[in-house]
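Please keep the sequence and the model at hand while reading.

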Amino acid sequence: MTMTVRRRAFASVAAAALVAGGAAGFGLTEPATPAYAQALPKTPIEAPEHPPGSFANVVDKVKPGVVAVKVKLDNSLDDDDDSSGNPNLQQVPPQLREFFKRFGQGGGQGGPGSRGMPQRGERGAVGSGFIISADGYVVTNNHVVDKAKTVQVTLDDGRTLDAKVIGKDPKTDIALLKINESGSYPYVQFGKGAPRVGDWVVAIGNPFGLGGTVTAGIVSARGRDIGAGPYDDFLQIDAPINKGNSGGPTFNVNGEVVGVNTAIASPSGGSVGLAFAIPAETVQTVVDQLRTDGKVVRGYLGVQVQPVTKDIAEGLGLDKAKGALVDHAESGTPAAKAGLKSGDVIESVNGAPVNDARDLSRRIAGLKPGTEVKLAYLRGGKSDVATVELGTLPTDGKVASRGDSSSGGQPRLGLSLAPASEIGLGDEGVAVMDVDPDGPAAAKGIAQGDVILDVAGTSVSKPSDVQAQIRAAEANGRKAVLMRVKSTKGQTRFVAVALNKKEG
């Protein structure tokens, strides 16, 4: 015991001497500061606030507002109606199935990742939802109640009540229900701001029919596009989400709803830490319209747009690959009436920057028909602003978003060309007669039978026109030339092909 005490005393004296700068008394020298550390800020980065020691208070506050949603499906639905043969995808909208199939193979409970939700029963399905008003309005996913014959909700206190579908929006996968029985119900509220990546979140739902299940995690990412629809803007969270959680809420640590759980990505059908939630801001906008009108009406611009990729930006002489490139303005639409043309790059909507084509789609769709918006755009290197009164999005249309599906190009174009009018491919443009499979044009997806309509913003009608515009682009120091190409199916798109002095 004595030796132990002495050793501790010695260690204490040594530590005190080092702290006081008296290390020399023990024959010790202070290590030199590494070079990389010398460049670091002298003031250390402050640690963030500690995470809550428990989520119990939050759960106690919000859990009474979360419900299980039980659906009896229309008798016409068959358990084998999914062409993939995978029951996990039974109620997933068709546009989502390919996304989920990419995460694995096989069917049944061990099949590919999917909305994984709702949990499928013999005659129906079970999902989740949450009450947003004292009179019993309930938010859930569209794919939970789609084609439902009857709907019931089970409250946290165990009561099971009938409900009716007020409205559905397949494009955002949101549905609004109303509990039939009048009364005053516990409800939850939406958050006033978007969560940050790294924020704690709590998910409550009905996985595998086990109501009132609570899981926690963080916001892993924002703005995820998973191919679910034209307005994807998902939160990615790592709180465990499984079959039956669909339509349930994700809360922040203040007990406010920041998202609606809608999809998982998993090769097994269970949680692997990749879950996606519809942001509360989107949900609120949709729910307000469903509650008032029973449907969602969206603004309509009337343009086909595509992303401004790096090579397209170089072809246009832009500093950054941002904005939405107008491929075509439909005749008679608000965009055409406002004077927008093919080749314009839309940079902002009402002063808010447009990041890409999908961002433009979401912004326009989030506005009501009749709204007047100011679109800042770039044309021929000059900025301008157009004032547009939005129309109503047709039920079978949307602001199209098409990307350049090709990869980087090589110096030579690798094309054989002829006037389109001479070979019966129309009155305008230059037809592609042959394509070098190893050339940059082929890499950009240009194929035999395509028609080049313009190069660098100038219409072309013969091969020499194409060559002249390419030479002009090279003389101006452009690294790529932008072409507008019409495919054999009649669709048009912009393609940027890299250049150098050895143009062919």
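## Terms and model

Two strands are said to pair if DSSP finds at least two bridges between them, and the elements themselves are DSSP runs numbered from the N terminus, with helices (H or I) of at least four residues and strands (E) of at least two. This is a predicted model, in which local features need pLDDT of at least 70 and side-chain atom pairs count only at pLDDT 80 or more, while totals for chains, interfaces and linings use all residues. Residues are numbered from 1 along each chain as its sequence is written, and side-chain values use heavy atoms, with hydrogens and water left out.

## Strand β10 and its partners

Strand β10 pairs in the antiparallel sense with strand β13 (residues 275-279) over three bridges, and leucine 235 has alanine 277 as its bridge partner in β13. Strand β9 (residues 213-224) is also joined to β10 in the antiparallel sense, over three bridges, and here glutamine 236 of β10 stands opposite alanine 221.

Within β10 (residues 234-237), Phe234 and Gln236 point one way whereas Leu235 and Ile237 point the other way, and all are buried, where buried means under 20% relative accessible area, exposed over 50% and partly exposed in between (1.4 Å probe, protein chains only).

Most residues other than glycine have a negative phi.
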